Amino acid sequence: MKQQTLNLVAAPTSMQPGGYVMKAYQSSIEAITASAELETENAGKRWRIQVRWAAEKPVNDISSETDLFPDACAILVPTTADAPWITMGDKDKAVEGILWRADKDQPWSVRAEGLGTMERSAITEGWKTEAEWTGGYWTVTFSTNNWAALNQFKQLAVAVWQGSARERGGLKSVSPGWVAVS
Amino acid sequence: MRYEVTTPKRQVAMVLDLNKCLGCHTCSVACKKLWNTDSGTDYTYWNNVETHPGRGFPADWQQTGGRTATGDVKQGKVPNLDTEYGRAWQFNHKNVIATDASSKKKDWLRPKGDPSWGPNWDEDEGTGTYPQDNHYFYLPRLCNHCAEPACLDACPRKAIYKRDEDGIVLVNQDRCHGYRFCVEACPYKKVYFDHERQVAAKCIFCMPRIEEEVAPACARQCPGRLRFVGYRDDEDGPIHKLVEKYKVAIPLHPEYGLKPNVFYVPPMSPPKLDDKGRPTGESRIPMSYLEGLFGKEVHRSLEILHAERAKKKQGQSSELMDLLIAYDWNDNFKLDNPKAREVI
């Protein structure tokens with residue numbers, strides 16, 4: 001098992017597709033979530049990945065409201081040796097992962113080849129996700145029987161969204177690059 | 001990086017003559033019954049009619065959009081369902097039905113809860129002092145299907161696009177992830193959030209009707225005959241005449257810089273009265289207020305309207321006045337589409 005503290009950074013809004021987010025949020029340069037605890041465990045092809053971060057005002061229900069945004073976190077891994085982390089992959093250099101949202105029963109499988117290209121799909125069999133908010137912290141644990149890309153490259157990236165700070169999409173706190181997990 | 005917006009082959013557009021709007025809300029009801037009765041969109045009005053001066057719908061929308069008065073991007077706001085949109089009312093029908101004449105405690109039909117805002121909340125309030133200068137007018141609003149849509153430029157997922165065949169701005173809800181940057185960015189606040197399906201939703205200019213040469217429901221159902229629909233490049237159509245030829249139809253908040261394709265014929269108003277009840281010659285709706293909504297072009301538009309109305313009064317002909325009067329309702333709509341099916 002490997003435990004590490006990740007000092008998160010604000011995802012750069014200057015890179016966001018379209019003209020609005022990059023200008024409207026150009027002052028968003030500080031990470032809303034300063035750090036996250038990452039715990040990873042690998043046994044053969046099996047993986048257990050746990051992310052823990054402070055969330056003073058958790059948002060886990062946005063139903064019947066227009067201006068609430070849910071807490072969330074995602075784990076991304078590269079599928080090629082040179083898949084860039086900061087742009088969530090690139091053409092033919094995909095990243096893939098899992099996206100958990102506090103208001104959903106099940107996380108999504110995600111895949112992207114660049115900013116704005118993320119596709120969500122139902123989680124495949126073999127995944128187990130547990131989430132708990134207690135004492136001002138979210139603890140989200142993902143387990144899988146096999147994650148081929150992670151087995152191969154042994155690195156991942158973490159993203160955290162604080163719903164109470166209206167974070168969504170490209171407004172998020174992220175690990176400062178790929179993080180080695182073995 | 002700002003998206004390039006390709007100029008569509010054609011652009012469908014609408015003109016609304018505010019001198020004829022009677023505030024009946026038939027347009028809003030026609031639109032709503034057609035497109036928005038689901039629980040996730042029950043609070044939305046793709047078309048609404050608001051009283052001006054007033055806070056509008058959503059409340060104070062002119063202050064919460066993603067554009068400054070000089071057209072620069074600023075951070076907008078996603079309106080709150082209770083305080084700015086107004087949650088769709090639920091009524092106590094069962095209690096009222098259960099009440100009979102013998103009941104000691106009679107209940108009356110009323111919304112549940114304690115609503116504090118909603119569409120049309122400040123209807124007919126207006127401003128001013130009776131009888132000197134009290135005034136208000138109705139402003140029907142819908143998506144402007146802008147040439148440079150703020151909503152389109154706000155979506156990091158490119159889920160919003162402008163149709164090439166008619167310039168209608170649409171949301172691809174399969175791509176939308178419900179981030180609501182579009183809701184924030186639109187300075188007209190005409191993109192909504194379907195909170196049940198968690199996607200953005202907006203006016204589609206009754207696209208399936210347009211394809212069959214039928215005007216949008218809001219326009220067809222308008223008893224005041226104040227709406228005109230057509231293509232901007234059709235020189236024989238009402239849009240070209242009102243916008244380009246006579247230049248009496250002007251966009252709402254042109255300073256946002258989004259080049260709307262919905263235009264308004266601004267409201268003429270009776271004069272203010274002095275202390276003795278005599279007309280002063282000064283417009284009852286202050287020109288500064290109209291300028292705040294429609295920009296400086298409103299002066300020229302009103303001058304033309306007054307001049308053409310004077311001609312008509314003197315028995316002279318006026319193509320403009322005849323068009324605005326809508327003697328023949330069919331002239332309000334011209335949507336020739338060679339690809340349209342023959343509707344029998």
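Author: Here is a walk through some of the salt bridges, pair by pair. This is a predicted model, where local features need pLDDT of at least 70, side-chain atom pairs count only at pLDDT 80 or more, and totals for chains, interfaces and linings use all residues. Residues are numbered from 1 along each chain as its sequence is written, chains are lettered from A and ligands numbered from 1 in the order in which they are written, and side-chain values use heavy atoms, with hydrogens and water left out.

A salt bridge here is a side-chain nitrogen of Lys or Arg within 4 Å of a carboxyl oxygen of Asp or Glu. The whole structure holds 35 of them over all chains.

Start with a pair that crosses between chains. Glu184(B) bridges to Arg166(A), and their closest N and O atoms are 3.3 Å apart. Glu184(B) sits in helix H5 (residues 181–185) of chain B. Arg166(A) sits in the loop between strand S11 (155–161) and strand S12 (173–174) of chain A. Helices (H or I, at least four residues) and strands (E, at least two) are DSSP runs, numbered from the N terminus. Glu184(B) is buried, at 0% relative accessible area. Arg166(A) is partly exposed, at 29%. The cut-offs are simple: buried is under 20% relative accessible area, exposed is over 50%, and partly exposed is in between (1.4 Å probe, protein chains only).

Next, stay within chain B. Glu211(B) pairs with Arg163(B), with 2.8 Å between the closest N and O atoms. Glu211(B) belongs to helix H6 (residues 207–211), while Arg163(B) lies in the loop between strand S4 (160–162) and strand S5 (169–171), so the bridge ties together parts that are 48 residues apart in sequence. Glu211(B) is partly exposed, at 33%. Arg163(B) is buried, at 9%.

Now a third pair. Glu148(B) meets Arg2(B), and the closest N and O atoms are 3.4 Å apart. Glu148(B) is in the loop between strand S3 (137–141) and helix H4 (150–154) of chain B, and Arg2(B) is in the segment before strand S1 (12–17), so this bridge ties together parts that are 146 residues apart in sequence. Glu148(B) is partly exposed, at 26% relative accessible area. Arg2(B) is partly exposed too, at 45%.

Salt bridges with shared partners link Arg2(B), Glu148(B), Asp153(B) and Lys259(B) in one network.
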